[in-house]
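Here are my notes on this one, written as numbered points. Have a look at the fold first, then read on.

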Amino acid sequence: MRKINFIKFLFFILIVIFFFVLKFKNQNLFNCKKAVLNINNIQIELKIAKTDSERKLGLMFINKLPQNHGMLFIFDDEGEYTFWMKNT
C-alpha cells in the first residue's frame with residue numbers, strides 16, 4: 001500500500017513540474033527587448049525586464065549566462081527593490 005501511495009505522489013509531483021515548465025515556456029524572456037551598453041569599448045548585451053511578468057521571471061531557468069550579458073530591471077517608480085531568483 002505504501003508503494004502505491006508513493007507512486008501516486010511521485011506521479012502527482014511530475015504532473016505539477018510538467019505544468020510549471022509549460023507555464024514558463026511561453027513567458028517572453030527571450031522575446032523581451034534588448035539593449036547594448038558600451039563601457040570603455042566593452043559591449044554588454046542586456047535583456048530589458050520592464051513588465052511585471054518579465055521581472056518575475058528574471059533570469060530563472062537560464063543555465064548559463066554568457067560573458068558580458070545581463071538583465072536590466074526597469075521600474076515605474078523610484079525606490080529600493082529586493083530580488084530573489086530561484087534557479088539562477
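1. A term to begin with: two strands count as paired if DSSP finds at least two bridges between them. Strands (E, at least two residues) and helices (H or I, at least four) are DSSP runs, numbered from the N terminus. In that sense, Ile-48 has Leu-72 in E3 as its bridge partner, and E2 and E3 pair in the parallel sense over five bridges.

2. Some ground rules. This is a predicted model, where local features need pLDDT of at least 70, side-chain atom pairs count only at pLDDT 80 or more, and totals for chains, interfaces and linings use all residues. Residues are numbered from 1 along each chain as its sequence is written, and side-chain values use heavy atoms, with hydrogens and water left out.

3. Now the other pairing. Strands E1 (residues 34-39) and E2 (residues 42-49) run antiparallel and are joined by six bridges. Leu-37 stands opposite Ile-44 in E2, while Ile-39 has Ile-42 as its bridge partner there. E1 and E2 make a hairpin with two residues between them, and Asn-40 in that turn has a positive phi of about 50°.

4. Put together, the strands give an open sheet of three in the order E1-E2-E3, with mixed pairing. E1 and E3 are the edge strands, each pairing on one side only. From one strand to the next, the twist averages 40° (axes are lines fitted to C-alpha atoms, and angles run from 0 to 180 degrees between N-to-C directions).

5. On to the loop between helix H2 (52-57) and strand E3 (69-73), which is where Pro-66 sits. Pro-66 has 43% relative accessibility, so it counts as partly exposed (buried is under 20% relative accessible area, exposed over 50%, partly exposed in between; 1.4 Å probe, protein chains only). Its C-alpha atom is separated by 9.5 Å from that of Glu-45, 21 residues apart along the chain.

6. The rings deserve a look. Three aromatic pairs are present (Phe, Tyr and Trp rings, the six-membered one for Trp, with centres within 6.5 Å; planes under 30 degrees apart are stacked, over 60 edge-to-face, the rest tilted). Phe-75 and Tyr-81 are stacked, at 3.7 Å centre to centre and 5° between the planes. How exposed are these two? Phe-75 is partly exposed at 26% relative accessibility, and Tyr-81 is partly exposed at 37%. Ring pairs also link Phe-73, Phe-75, Tyr-81 and Phe-83 into a cluster.

7. Last, Phe-9 is placed in helix H1 (residues 2-25).
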